[in-house]
Amino acid sequence: MKYQSILILTGSGISAESGVATFRDPDGVWAKYDYREVATPEGYAANPALVHEFYNARRKGLVSVEPNPAHNALANLEMTMGRRGGTITLVTQNVDNLHERAGSKSVIHMHGELTKVTCISCGAVAHCDEEISVETKCEACGEIGTMRPDIVWFGEMPKFLDEIGAALLSADVFVSIGTSGSVYPAAGYVFEAEARGIPCVELNLEPSENAASFSEARYGKASEIVPQWVSEVLGDQ
Ligand code: OAD
């Protein structure tokens, strides 16, 4: 097998062809919304109803999108590597559930998930497919109006950093897919991988902000270049 331990970081570009908007492309989310209003603790404190409306719409949007060949290829990579005694760690900045729906079993959502909500009073986390509002009750503690999307906002600490740090120390290749490399700490993972001297592969539509740190890059649509790369890694071609 070409690699024993693969660390993959995905961003919104992998879901673009499924119909989920990216953030910084011209038609991206941050061209339509002010992130300070909908993706910061301050924005939520100022207008929670607006923040709920924003995430309710995105959660509802999951129903009408499907995984694309890039998600499918990564699920196949996980299954096949597992059978052959290797491991992959799939870290995503995405809050959609397309990796899981493609069949990936172990996905690290470092920026949270649209299908989860958390109570700012008791900390309970609950699965959520519905709309929430300033009147939603926490099923765990009974408080009303304390449920918020379980999404990491700007100024908040991403999740699972220890787990990701450990994977960065043990992986023998780092692969970044569909991310512009503009949000840290995720954007900095390539520097840590580069410092360890392991191969760093960028699969993206265009060079990311940290493109110079990758030892290999392929530019094109995720639905084409990801399955191609996976086939090569698995030795199918
Ligand atoms: P960006 O919108 O910053 O970058 C998306 C990247 O995907 C760009 O480099 C595009 O060129 C690329 N791309 C677009 N379509 C593609 C396709 N079909 N195939 C391959 N690549 C494609 O999104 P992210 O890097 O994911 O955080 O953004 C990182 C974080 O910033 C997000 O998790 C979110 C956002 O603010 C929070 O909300 C905390």
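**View 1. Ser12 and other residues at the ligand.** In this predicted model, an oxygen atom of the ligand is 2.7 Å from an N or O atom in the side chain of Ser12, a polar contact being a pair of N or O atoms within 3.5 Å, where within protein one must be able to donate a hydrogen and the other to accept it, and residues adjacent in sequence count only if both atoms are side-chain atoms. A polar side-chain atom of Ser180 lies 2.5 Å from an oxygen atom of the ligand, and a polar backbone atom of Gln93 is 3.2 Å from an oxygen atom of the ligand. Of the 790 Å² of accessible area that the ligand has on its own, the protein covers 95%, with areas taken from the Shrake-Rupley method with a 1.4 Å probe. There are 25 residues around the ligand, of which Ser12, Phe23, Arg24, Thr179 and Ser180 come nearest; a residue counts as near if one of its heavy atoms lies within 4 Å of the molecule.

View 2. Helix α5, residues 69–83, has 15 residues and reaches 21 Å from its first C-alpha to its last, close to the 21 Å expected at 1.5 Å a residue, the expected span being 1.5 Å times one less than the number of residues. Helices (H or I, at least four residues) and strands (E, at least two) are DSSP runs, numbered from the N terminus. At the start of α5, a side-chain oxygen of Asn68 comes to within 2.7 Å of the backbone nitrogen of Ala70, and just after the helix Gly85 takes a positive phi of about 85°. Among the buried residues of α5 are Ala70, His71, Leu74 and Met81, where buried means under 20% relative accessible area, exposed over 50% and partly exposed in between (1.4 Å probe, protein chains only). Their cover includes β1, β2, α6, β7 and α9, with contact meaning heavy atoms within 4.5 Å.

View 3. Salt bridges that share partners join Glu216, Arg218 and Glu232 into one network.

**Notes on the model.** Residues are numbered from 1 along each chain as its sequence is written, and side-chain values use heavy atoms, with hydrogens and water left out. Local features need pLDDT of at least 70 and side-chain atom pairs count only at pLDDT 80 or more, whereas totals for chains, interfaces and linings use all residues.

Conventions
Salt bridge = Lys/Arg side-chain N within 4 Å of Asp/Glu carboxyl O.
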